Amino acid sequence: MRFLNVLFCSVLLLVFAAPSFAQMIEDPTSWKYEVKKKSATEYRLIFHLTLKPGWHIWSLHPGGDGYELAPTFTFDANPAVKMKGGITENGKKTVAKMDGIDGMVNYFAGKADYEQVVTVTGSAKITGKHEYQVCNDKMCLPPKDKDFVFEIKGAK
């Protein structure tokens, strides 16, 4: 009976300690936001991501068995801003088979850029959130939300 009590307590400790350990790991990402002017009213909003060595982020189309969380980008409503198309990704994409995942997966390690083209009337402050999940070869961290802000100063 004592053995079962010890076993039960050990299992409980593992169940509750493992998720808290993942939350103690510092976010291995660094995000920078840049605006590039394409024309008088058209701009590229660029999300530059740098990952610490050993970490990766899933592609917008991660493949696999459906459990991989692709990054998402949500823009707050702004009447001066019109989205043109959807988010695109740039970088050295890895397509590979990973242990424990059915099918091929798509991810970025090191660096990746995500880009949204917008048309802006005048000046605008573009805000929103992006959500992402990063993994290494042993685990994935819980998904994380980050706020973003892009400032566009139109012609005066």
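Helices (H or I, at least four residues) and strands (E, at least two) are here DSSP runs, numbered from the N terminus, and that convention places proline 53 in the loop between β2 (42-51) and β3 (56-63). The model is a predicted one, in which local features need pLDDT of at least 70 and side-chain atom pairs count only at pLDDT 80 or more, while totals for chains, interfaces and linings use all residues. Residues are numbered from 1 along each chain as its sequence is written, and side-chain values use heavy atoms, with hydrogens and water left out.

**The whole chain**

Begin with the chain coloured by secondary structure, which shows one helix and 11 strands, in the order α-β-β-β-β-β-β-β-β-β-β-β from the N terminus on. Of the 156 residues in the chain, 35% are buried, where buried means under 20% relative accessible area, exposed means over 50% and partly exposed lies in between (1.4 Å probe, protein chains only). Take a contact to mean heavy atoms within 4.5 Å; among contacts between residues at least 6 apart in sequence, 69% join residues at least 24 apart.

**Loop residues**

Select proline 53 next, which at 79% relative accessibility counts as exposed. The C-alpha atom of proline 53 is separated by 7.7 Å from that of alanine 109, although the two residues are 56 residues apart along the chain.

Move to isoleucine 25, in the loop between α1 (2-24) and β1 (29-37). Isoleucine 25 is partly exposed, with a relative accessible area of 24%, and, leaving aside neighbours within four places in sequence, it is in contact with Trp55, Met139 and Leu141. For leucine 141, the C-alpha to C-alpha distance from isoleucine 25 is 8.1 Å, against a separation of 116 residues in sequence.

Glycine 122, in the loop between β8 and β9, is partly exposed as well, with a relative accessible area of 35%.

**Paired strands**

Now show strand β4 (residues 72-75) together with strand β9 (residues 124-132), which pair in the antiparallel sense over four bridges; two strands pair if DSSP finds at least two bridges between them. Within this pairing, phenylalanine 73 has histidine 130 as its bridge partner in β9. Display the side chains of β4 as well: Phe73 and Phe75 form the covered face, whereas Thr72 and Thr74 form the uncovered one. In a regular strand the side chains alternate between the two faces of the sheet.

Strand β6 (residues 93-97) and strand β7 (residues 104-109) give another antiparallel pair, over five bridges, in which tyrosine 107 of β7 is the bridge partner of threonine 94. The hairpin of β6 and β7 has six residues between the strands, and there glycine 100 takes a positive phi near 85°.

**A buried glutamate**

Which residue does the side chain of glutamate 115 join in a polar contact? Select glutamate 115 in strand β8 (residues 111-120), where this residue is buried, with a relative accessible area of 13%. The side chain of glutamate 115 meets that of arginine 44 in a polar contact of 2.8 Å, a term for a pair of N or O atoms within 3.5 Å, of which, within protein, one must be able to donate a hydrogen and the other to accept it, with residues adjacent in sequence counting only if both atoms are side-chain atoms. Not counting residues up to four places away in sequence, the residues that glutamate 115 touches include Leu45, Ile46, Gly86 and Thr88.

**Asparagine 136**

The tour ends at asparagine 136, in the loop between β10 (134-135) and β11 (144-152), which counts as buried at 19% relative accessibility. A polar atom of the asparagine 136 side chain lies 2.7 Å from the backbone nitrogen of lysine 138, and the side chain also reaches the backbone nitrogen of methionine 139 at 2.8 Å. Beyond residues up to four places away in sequence, asparagine 136 touches Gly54, Trp55 and His56.
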